[in-house]
Amino acid sequence: METQEKKIILSGIQPTGTFTLGNYIGAVRNWNKLQEEFNCIYMIADMHAITVRQDPAKLRQNTVQAYALLLACGIDPEKSIAFIQSHNKCHAEINWVLSCSTQFGELSRMTQFKAKSEKHPDDINAGLFTYPVLMAGDILLYQSDLVPVGVDQKQHLELARNVAQRFNQRYGELFKVPEPYIPEVGAKVMSLQDPTAKMSKSDDNPNGCIYILDDKDTIIRKFKKAVTDSEAVVRYAEGKDGINNLMTIYSVVTGKSFEDIEKEFDGKGYGDFKLAVGEAVADHLEPVRSEFDRLMNDKAYLKECYTKGAEMAGRIAQKTVSKAYRKVGFVDFR
Ligand code: TRP
């Protein structure tokens with residue numbers, strides 16, 4: 001984080017199991033590249049994770065794994081700030097202040113809240129409802145300029161902007177109003193079993209989702225089972241959701257254009273194509289997998305990294321919290 005002129009990018013990922021190929025292609029892979037151009041802050045959002053029931057031991061394990069995975073994917077803790085959300089108490093502190101500048105009505109309109117409440121009707125907790133405020137805090141604490149977001153988080157970013165503006169209006173300028181950052185190649189990865197739905201950890205069919213720590217055989221097996229269509233021609237076209245998805249994935253991991261891919265598989269069947277995609281993905285992910293294994297065998301190093309990350313994040317965030325406390329009228333005691 002050498003120069004102050006660079007824009008600040010912040011993003012978070014929830015530590016719910018290992019990342020999917022969708023997370024990797026849609027988000028984490030791009031985070032890696034952003035490190036050169038921006039001051040990047042990456043956070044494992046463990047506080048967000050407990051809005052749904054978690055097994056505590058599993059959450060702890062998943063959080064460390066997610067952190068290791070972040071580094072394995074190329075996030076360099078010397079270039080970026082990489083930390084675990086609960087290690088920086090400022091997130092909890094700013095959350096309360098921002099909650100009081102957020103309207104019940106606007107939270108009620110969050111589509112993810114509605115979807116998650118339907119999914120967990122027995123645990124519609126207040127945290128699930130106010131989660132977008134926690135997320136607004138994540139972003140606003142660091143005066144972030146840009147937030148890389150997928151479509152599912154766009155509404156939450158919009159809320160963060162509204163909350164920032166409302167606070168600034170009420171109390172005077174404090175928060176930078178963040179902009180969405182849309183990566184150039186907005187590759188969205190769909191389920192291999194239902195290519196009209198996003199690839200997701202919660203896919204009912206385990207063959208729909210590739211995890212970036214899946215071994216080569218598993219990856220190839222899942223790709224071989226991918227749902228396609230009956231045309232048997234590898235071409236990108238409307239209505240060919242399965243093939244379009246496989247072509248997108250293949251294009252991202254090999255750098256080939258759709259045109260190149262169509263030529264490469266001209267006259268060949270889907271079987272050959274699926275195998276090629278599976279192999280290309282497995283080869284692409286191999287270095288990530290081995291670096292992950294190496295890091296998980298060096299817990300002391302991981303701890304050193306996330307401790308340092310939390311300290312750096314804390315220093316930046318504390319300035320914002322202190323200013324916010326002063327602005328709302330809390331008494332200074334230092
Ligand atoms: N809510 C995001 C998700 O579920 C994760 C997240 C938490 C996040 N805090 C953030 C993303 C801040 C961007 C910025 O995927």
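**View A. Contacts of Leu 174 with Gln 143, Phe 167, Asn 168, Thr 320, Lys 323, Ala 324 and Lys 327, leaving aside neighbours within four places in sequence.** Contact here means heavy atoms within 4.5 Å. The model is predicted: local features need pLDDT of at least 70, side-chain atom pairs count only at pLDDT 80 or more, and totals for chains, interfaces and linings use all residues. Residues are numbered from 1 along each chain as its sequence is written, and side-chain values use heavy atoms, with hydrogens and water left out. Leu 174 lies in the loop between helix 8 and strand 5 (179-181); helices (H or I, at least four residues) and strands (E, at least two) are DSSP runs numbered from the N terminus. Leu 174 counts as buried because its relative accessible area is 11%. The classes are buried under 20% relative accessible area, exposed over 50% and partly exposed in between, with a 1.4 Å probe and protein chains only. From C-alpha to C-alpha, Leu 174 and Gln 143 are 8.7 Å apart in space, and they are 31 residues apart in sequence. Gln 143 belongs to the loop between helix 7 and strand 4 (146-148). Its phi is positive, about 50°, although Gln 143 is not a glycine.

View B. Asp 138 places a polar side-chain atom 2.7 Å from a nitrogen atom of the ligand. On its own the ligand has 360 Å² of accessible area, of which the protein covers 89%; areas come from the Shrake-Rupley method with a 1.4 Å probe, and for residues only the protein chains shown count as cover.

**View C. His 156 in helix 8 (residues 151-171).** The side chains of His 156 and Gln 153 are joined by a polar contact of 2.8 Å. A polar contact is a pair of N or O atoms within 3.5 Å; within protein, one must be able to donate a hydrogen and the other to accept it, and residues adjacent in sequence count only if both atoms are side-chain atoms. His 156 counts as buried because its relative accessibility is 2%. Leaving aside neighbours within four places in sequence, the contacts of His 156 are Met 110, Gln 112, Tyr 131, Pro 132 and Met 135.

**View D. The largest nonpolar core, with 62 residues.** A nonpolar core is a set of buried Ala, Val, Leu, Ile, Met, Phe, Trp, Tyr and Cys residues joined through side-chain atoms within 4.5 Å. The residues with the most contacts inside this core are Leu 21, Tyr 67, Phe 223, Ile 249, Phe 273, Val 281 and Leu 302. Helix 12 (residues 270-296) gives the most to the core, with 12 residues. The core lies between domain 1 (8-187 + 299-328) and domain 2 (206-293) because both give residues to it; the bounds come from an automatic or database domain assignment. Phe 273 is in contact with Val 234, Ile 243, Leu 246, Met 247, Tyr 250, Ile 261 and Phe 265, leaving aside neighbours within four places in sequence. A second, separate core has 38 residues, including Met 43, Leu 140, Tyr 142 and Ala 160.

**View E. Helix 9 (residues 216-224) and its buried residues Thr 218, Ile 219, Ile 220, Lys 222 and Phe 223.** The buried residues of helix 9 pack against helix 1 (21-37), helix 10 (241-254) and helix 12. Ala 232 sits in the loop between helix 9 and helix 10. Phi of Ala 232 is near 60°, a positive value in a residue other than glycine. Ala 232 counts as partly exposed because its relative accessible area is 43%.

**View F. Domain 1 and domain 2, with C-alpha centres 31 Å apart.** The contact between them takes 13 residues from domain 1 and 15 residues from domain 2.
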